[in-house]
Amino acid sequence: MFISENLNVNEKGNLTVGGVDTTELAAQYGTPLYVMDEQAIRDACRRFKGSIDRYYGGQGMVCYASKAFSCMEMCRVIDSEGIGLDVVSAGELYTALKAGFDASKIGFHGNNKTDDELRYAVESGVGHIIVDNISELLRLERIAKEKNVRPHIMFRIKPGIDAHTHDFVKTGQIDSKFGFALETGEAYDAVKQAISCEFVELKGVHCHIGSQIFDIAPFEEAARVMLKFIAKIRTELDYEISELNLGGGFGIRYLGEHNPAPFETYMERVSAVVDETCAELGISRPFILIEPGRSIAGPAGLTLYTVGARKEIPDIRTYISVDGGMPDNPRYILYKSEYEAVVANKASEERSETVTIAGKCCESGDLIGENMPLQHAESGDIIAVLATGAYNYSMSSNYNRIPKPAVVFVNNGEARVAVKRETLDDIIRNDI
Ligand SMILES: *Cc1c(COP(=O)(O)O)cnc(C)c1O
């Protein structure tokens, strides 16, 4: 009935998540409200980890890409699942470390890390720094030398794969700000240079070919291309790259018609490709890392809003305005992303109307979505927008000086606040 399997309807006809009635969450914590289902997060972590154990002999590691959704409680949940974490800024690293996350299981990403960020990463002892460009390599080497350490690095490579996805989230092709190009020899020259660096140790190569990818073929192709590169380095430079990071980008179901391949199938097919290709090329099987973000956090989340105005424009459309919008979910205005919505207090009724759900900001594009099938919604109803766990809270802003919603984790019929709702005082906190 819903896109996410973790949702149900109780005897009152209200939508439930993690055994909790969403209308009670709205009443207790207010709206807009981000709700994260802890068990759904844990299940996704276990499926990824389990699939590496099953299909790749456990010779790999899952690193949750925390940019999808990061707060201290999320870091604690991820940590307790025994997987690693990716960060892309000092802020994400700080969050993880403050939550007690083991630095050696953290990878630091980013196409333009500052010297301060590199220093912080080195001092914290992060497990990997994924180096994006030569300037960063040189700056990192200088910082590591000052501190007399030898951090492990990987190179971010552009493998030149078209992942058939939205232009904004396509990152594996040559015209991208991320990483070293393979075709031009840039990546090869960088590897040569890194091998001669005394204060960094090149362990692996990394690629991330895009996001919200449904097909497995581009991942298989990326693995082949990367392994060929590893073999070339082995033959021509007599250097062994022992780690291959295949990035994230696994698609999730936002609408009923979306049909992402199960992670297990991904891991089964990619492991087979790695095995075959390594045998063909005569190289040893690398340790594998994968970096799911959206697929761990996305389906676990939903956002609750209260309906305000209902505006029917005859023969054109019906606007249902809610008490949030682009500050808590900027994905429609950024990418025209689509979502499924439910009137949480009428969840057992038919979705009998097609509406536009609008936010409250002074921006016509501030919509949650258009042409959305929905139960008849009136002022005071609670709307749940589904699968908002990734890239909503993490991309939220204070546009129109709107305080950010709270984040509540639910599990086994209980709810706990993970991030407090911002207050009006928070809005002026840094104003002078
Ligand atoms: C964003 C990102 C991810 C996660 O992508 P998802 O689409 O959320 O799975 C993984 N690795 C890198 C390097 C990224 O930039």
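Student: How far is an oxygen atom of the ligand from an N or O atom in the side chain of Tyr391?

Tutor: This is a predicted model, in which local features need pLDDT of at least 70 and side-chain atom pairs pLDDT 80 or more, while totals for chains, interfaces and linings use all residues. Residues are numbered from 1 along each chain as its sequence is written, and side-chain values use heavy atoms, without hydrogens and water. A polar contact is a pair of N or O atoms within 3.5 Å; within protein, one must be able to donate a hydrogen and the other to accept it, and residues adjacent in sequence count only if both atoms are side-chain atoms. For the ligand oxygen and the Tyr391 side chain, the distance is 2.5 Å.

Student: How many residues surround the ligand?

Tutor: A residue is near a molecule if one of its heavy atoms lies within 4 Å of it. The closest are Lys67, Ser211, Glu291, Arg294 and Tyr391. Lys67 has a side-chain N or O atom 2.7 Å from a ligand oxygen, and Glu291 has one 2.7 Å from a ligand nitrogen. The number of surrounding residues is 14.

Student: How many residues of the shell around the ligand are charged?

Tutor: Ala, Val, Leu, Ile, Met, Phe, Trp, Tyr, Cys and Pro count as nonpolar, Asp, Glu, Lys and Arg as charged, and the others, Gly among them, as polar. The shell has 3 nonpolar and 7 polar residues, and its charged residues number 4.

Student: Is Asn392 buried or exposed?

Tutor: Helices (H or I, at least four residues) and strands (E, at least two) are DSSP runs, numbered from the N terminus. Asn392 lies in the loop between strand E19 (382-386) and strand E20 (406-411), and its side chain makes a polar contact of 3.1 Å with that of Tyr339. Buried means under 20% relative accessible area, exposed over 50%, and partly exposed in between (1.4 Å probe, protein chains only). Because its relative accessible area is 0%, Asn392 is buried.

Student: Which residue is joined to Thr31 by a cis peptide bond?

Tutor: Most peptide bonds are trans. Here omega is about -10°.

Student: What is the phi of Asp315?

Tutor: Most residues other than glycine have a negative phi. Asp315 sits in the loop between strand E14 (301-313) and strand E15 (317-322) and counts as exposed because its relative accessibility is 82%. Asp315 is not a glycine, yet its phi is positive, at about 65°.

Student: Where is phi of Arg401, a residue other than glycine?

Tutor: Arg401 belongs to the loop between E19 and E20. With 48% relative accessibility, Arg401 is partly exposed. Its phi is positive, near 55°.

Student: How far apart in space are Met61 and Gly84, C-alpha to C-alpha?

Tutor: Met61 is in strand E5 (residues 60-65) and is partly exposed, at 22% relative accessible area. In sequence, Met61 and Gly84 are 23 residues apart. In space the separation is 7.0 Å.
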